[in-house]
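Please have the structure open while reading.

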Amino acid sequence: MSISSRFSVGIHILSLIEFNKEGISSSDFLASSVNTNPAVIRKLMGMLKKAGLVEVHPGIAGAKLAKKMSEITLLDVYKAVNVVQDNELFGMHENPNPDCPVGRHIQNTIEPIFSAAQLAMERVLGNVTLEDVVKDIGKKSNIDC
């Protein structure tokens, strides 16, 4: 199992909006780049709007970033699209056998490890901005969406 693709699609959407800032970033346009249904894009756009990352207006095609690229971190995107709840990146199996020494102690042994791993990942995401992503994409190719 992996982290929901909503995270990578959210980054894709925001990056494409920036690259297309002179054009109209409609849900159809964004969906064609992501290769998905426009309804999926609209759902994610609602999440990104609620988080204050994009501006969209009902009945008007197009979207734009609500903040400077340098002010949007990947952690902001991660949280906006509800990939996981706080401290729940790693699921913990429920009801281990309390009569077994491993079952009795496994959860309180591995929970702090899981929490530290999630915090480390979130720290990394918090240090990478949308601007970093867009600049790297720009270096790697001439954008032809």
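The notes below go through the helix contacts, then the hairpin, then the pocket.

The model is predicted, so local features need pLDDT of at least 70 and side-chain atom pairs count only at pLDDT 80 or more, whereas totals for chains, interfaces and linings use all residues. Residues are numbered from 1 along each chain as its sequence is written, and side-chain values use heavy atoms, with hydrogens and water left out. Helices (H or I, at least four residues) and strands (E, at least two) are DSSP runs numbered from the N terminus.

**Helix packing**

- The axes of H1 (residues 6-19) and H3 come within 10 Å and cross at roughly 80°, where axes are lines fitted to C-alpha atoms over the stretch in contact and angles run from 0 to 180 degrees between N-to-C directions.
- H1 is therefore roughly perpendicular to H3, a term that covers angles of 65 to 115 degrees.
- On the H1 side the contact (heavy atoms within 4.5 Å) involves Arg 6, Val 9, Gly 10, Ile 13, Leu 14 and Ile 17, which meet Ile 41, Leu 44, Met 45, Met 47 and Leu 48 of H3.
- By class, this contact of H1 with H3 has nine nonpolar, one polar and one charged residues, with Ala, Val, Leu, Ile, Met, Phe, Trp, Tyr, Cys and Pro counted as nonpolar, Asp, Glu, Lys and Arg as charged, and the others, Gly among them, as polar.
- The axes of H2 and H3 come within 8 Å and cross at roughly 110°, and these two helices are therefore roughly perpendicular to each other as well.
- From H2, Ser 27, Asp 28, Leu 30, Ala 31 and Val 34 take part in the contact, and from H3, Pro 38, Ile 41, Arg 42 and Met 45.

**Hairpin**

- S1 and S2 run antiparallel and are joined by four bridges, where pairing requires that DSSP finds at least two bridges between two strands.
- Val 56 stands opposite Ala 63 in S2.
- Two residues lie between the strands of this hairpin, in which Gly 59 takes a positive phi near 80°.

**Largest pocket**

- H3 gives the largest share of the lining of the largest pocket, five residues.

How values were computed:
Angles under 35 degrees count as roughly parallel, over 145 as roughly antiparallel, 65 to 115 as roughly perpendicular and the rest as oblique.
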